[in-house]
Amino acid sequence: MPDNRGLDSLNNQLAIIGIDAQFEGLPDIDYVESALYKGEVYKGDTHKACLHRVDGQDLDPLLEQSDYSTLCKDSAARVVAANKLSAQQVAVIIVSDAGEPFAAVEQEYFSCSTVNNLGAALIRSEKLIVEFNVAVLIIAAKSNADPNIKQDQASISFNDDFSGYAQHNGVVSILLSAADFAAAHGCYRYATLHSAACSADTLNTEGEMRATIERSLRAAKVSTGMIDSVEVSALSDPALCILETKALLSAYSHGQKLSTAISCSKSVLGENKSLSQLLGLLNSVFVLQQRYRAGIKDWTKPVFEKLQAWSESPFYVFNQATPAFPDPDRSPRYVAYSCLSKNDYAHIILQENNDKLVHSNGFNACADSTLFVLAGNNQAELTGQLQRLSENLSRANFKALAKQCFKEFSEQPNKDFKMVLLAESHEQLMKEITLALTGIKHAFTNNSHWKTPKGSYFSATPLASKKNVAFLYPGIGATYVGLGRDLFHLFPEIYSSIVALADDIGASLKERLIYPRSLTRLDFSELKKLDLSLRSTLAEIAECGVGFACVFSEIFAQVFNIKADFAAGYSMGEISMYAGLGCWRSPGLMSARLASSNTFNHRLSGELRALRERWNLPDVADGTLERIWETYSIRGSFVEVNKAIKKGERVYVTLINTPDSLTIGGYPQDCLRVIKRLGARAVPLNIGNAIHSEAAYSEYQAIQDLYTMEVSERINTKMYSSSCYLPIPQHPKAIAVSIAKCLCEPVDFPRLINTLSNQGAEVFIEMGAGSSLSGWTNKILKMGAVADKTTANFLTVPVNAKGCDDQLSYARAAAKLVSAGVDINLSSFFYGSIIQPVGLCSGKACQCGCRY
């Protein structure tokens, strides 16, 4: 007979219906979730606590006066209240290393008990839930952290250069129930605890731990290949670290390579015994419910001795969190939690709540970059607002003051002038106020605008028209590795609508190319090669560009409530325009068409057979990438450059960016001769796609056929094409013809922008990667104003910059738009929470302006 002492498993699935967390300097669960998502090692910034307030109350984050019992009591009260349950409907289980008492509130709850590990807590929870039909609240806390134990890197003990973990005071609570209990009480389900296998009070071995993992997988009826990510314990004890590593590598050895991500909350919030056990479970809930894969920011590579075993495993590690999209082959999504302590081990499997609703959060509202929105009818009123803001700052906390400013701003929408200050602290805000007092005076005197490097903005000449917004869609060259990494977390409202665009939206967005998976940290040169590779295949980059155009467009439509009056695309950005604005009924059809397109995979890209035929070059085998085309950015006017191209030279002017800059493409040696003849500086763009050239005309009909698709209901936006510099009717043939002509002829971007401007466009928002179109538009309209001896009043707004934080980019964009007089919904910068109170929002995006 086998010895089964200490072995146990769940027999029922449990719903996770409540969550709560606080740590030093992280006053509520949204700040904890935000810290774990960002992945930066947390330094315990208790001074930031004074920046935050909820419902007018300061959230004092676990200072020395908060004893263990108080932490547990307050956390329990928050979770129970959020679910509108009575204390008698809830049993409490404390996970504690030292058996700390919970006597202060024991009598309030159905029952209260203490266990020494998470596995035991889960087994006991199931028994209470089944026998008594109650919800069970599992709590873990720490109030005696040693502040002298520091952590230099956001890494874990599996890492080759791991140095140690810090300690932090905090509390975590998770509320479990049966599915029918959750339904009966209208509780929101954050995730389902699908299975858990435990081995307790035994000396764990690799074999025992592997057996525990296999028991949990059998109970859940899933294989390791279906596990999307694993939250690991990665204890600092070397022996236990090695033990967990061996067990995971052994149990998960049959999975497909680079298919299972590794996450670990200890990389951010350190090692805190039982508190870390429950935090690991909470982190698993976060990645499922918030639809992302966590990163380990300072991860470099696995411990050297295990490198070979790791390389043969399915595991990979991101350095930054990335969005997780539905995988048709792995649905629903599962994550696992490997929970190890000295004598206990549990392997837990959680399943997503794939309700297709908005999974709101407080990530944007909790961000360091904070907006202070002010309004007035003249300079004197604005100056008074700034002075009052300065006075209030000394006696109010930071975030509460920002919300108060926004509330007052929302109550006076018809003020003539609007200003936005951006800051991350009291000190920064005081500096911005000081700069603003001088800056707005200068702006009023000179009828100009004022801005700071931080992003604060004011315009003394707000735009008069309300029908003046143009969306500009960039071309394929702007896309880069890491694009839009945080957008789905910043703006969870867009997730479901983007996912609905295609059967496999991850494939359409080229998730594996944009967010490359690796077991070792990718260095600068590797990322650069991936960037070049991303742009090398026309079909893939075209599909990716279209997908992200929809992402950027949905943010403005769904979150900011801004619709385009005009739109235009630059090069293949024209395709992005039609897709992003919703002109096609089923844009997802494009995926299969592009994947099988001979034009985009072999004739105008790849082997470039259209060029070979035109230039009488020998054919090559599929997959042969010979450099017979290069694109160069060059200074010069169209007339100057065109004149320098001699007859017979295989060189084409492909894109006119501004009156004095353009791109040429063609046979590299011929291009270099033209460049030398001009005496101009040229930059190779490493884009081997022969669009916008005479050679592309051989593919005209194929391109037209590819983009002939059923259209949706007519939209109000006037869409301008570089094929004719006129609005394109929303008709299948008209759109397809405009795309084919656009891709076969040079693009005259100055003409396109001047056409939009002449039709009334004043606000130009760049709907994609980078800021090239914004910069060119600025130059085009300013040069035009000088030539016409007029004053140009317009605004360009980029929303993305490589290397810049997405939240900061959008905060800066919002500041510009507000001051220009564009109506924009700013609520996401001030409100939002992952907590879903019963009977309020129930998983839908809250629009009521409450805390949640």
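This note covers the aromatic pairs, charge-over-ring contacts and nonpolar cores of a predicted model.

1. Basis. The model is predicted, so local features need pLDDT of at least 70 and side-chain atom pairs count only at pLDDT 80 or more, while totals for chains, interfaces and linings use all residues. Residues are numbered from 1 along each chain as its sequence is written, and side-chain values use heavy atoms, with hydrogens and water left out.

2. Aromatic pairs. The whole structure holds 35 aromatic pairs. Rings of Phe, Tyr and Trp (its six-membered ring) pair if their centres lie within 6.5 Å; planes under 30 degrees apart are stacked, over 60 edge-to-face, and the rest tilted. Phe 560 and Tyr 810 have ring centres 6.1 Å apart and planes at 45°, so this pair is tilted. Phe 560 lies in the loop between α19 (538-559) and β22 (566-569), and Tyr 810 in helix α30 (residues 806-820), 250 residues apart. Helices (H or I, at least four residues) and strands (E, at least two) are DSSP runs, numbered from the N terminus.

3. Burial of that pair. Phe 560 is buried at 1% relative accessibility, and Tyr 810 is buried with a relative accessible area of 1%. Buried means under 20% relative accessible area, exposed over 50%, and partly exposed in between (1.4 Å probe, protein chains only).

4. A second pair. Phe 600 and Tyr 707 are edge-to-face, at 6.3 Å centre to centre and 70° between the planes. Helix α22 (residues 598-603) carries Phe 600, whereas Tyr 707 is in the loop between α26 (700-706) and β27 (718-721), 107 residues apart. Phe 600 is buried at 0% relative accessibility; Tyr 707 is buried at 0%.

5. Ring cluster. Ring pairs join Phe 560 and Tyr 810 with Phe 471, Phe 491, Phe 556 and Phe 829 in a cluster.

6. Charge over rings. A charge sits over a ring if NZ of Lys or CZ of Arg is within 6 Å of the ring centre and within 35 degrees of the ring normal. Arg 650 lies over Trp 615, 5.4 Å from the ring centre, and over Tyr 667, 3.9 Å from its centre.

7. Cores. A nonpolar core is a set of buried Ala, Val, Leu, Ile, Met, Phe, Trp, Tyr and Cys residues joined through side-chain atoms within 4.5 Å. The largest has 238 residues, of which Phe 471, Trp 584 and Tyr 707 touch the most other members. Helix α19 gives the most to this core, with 14 residues. A second, separate core of 34 residues includes Tyr 165 and Val 317.
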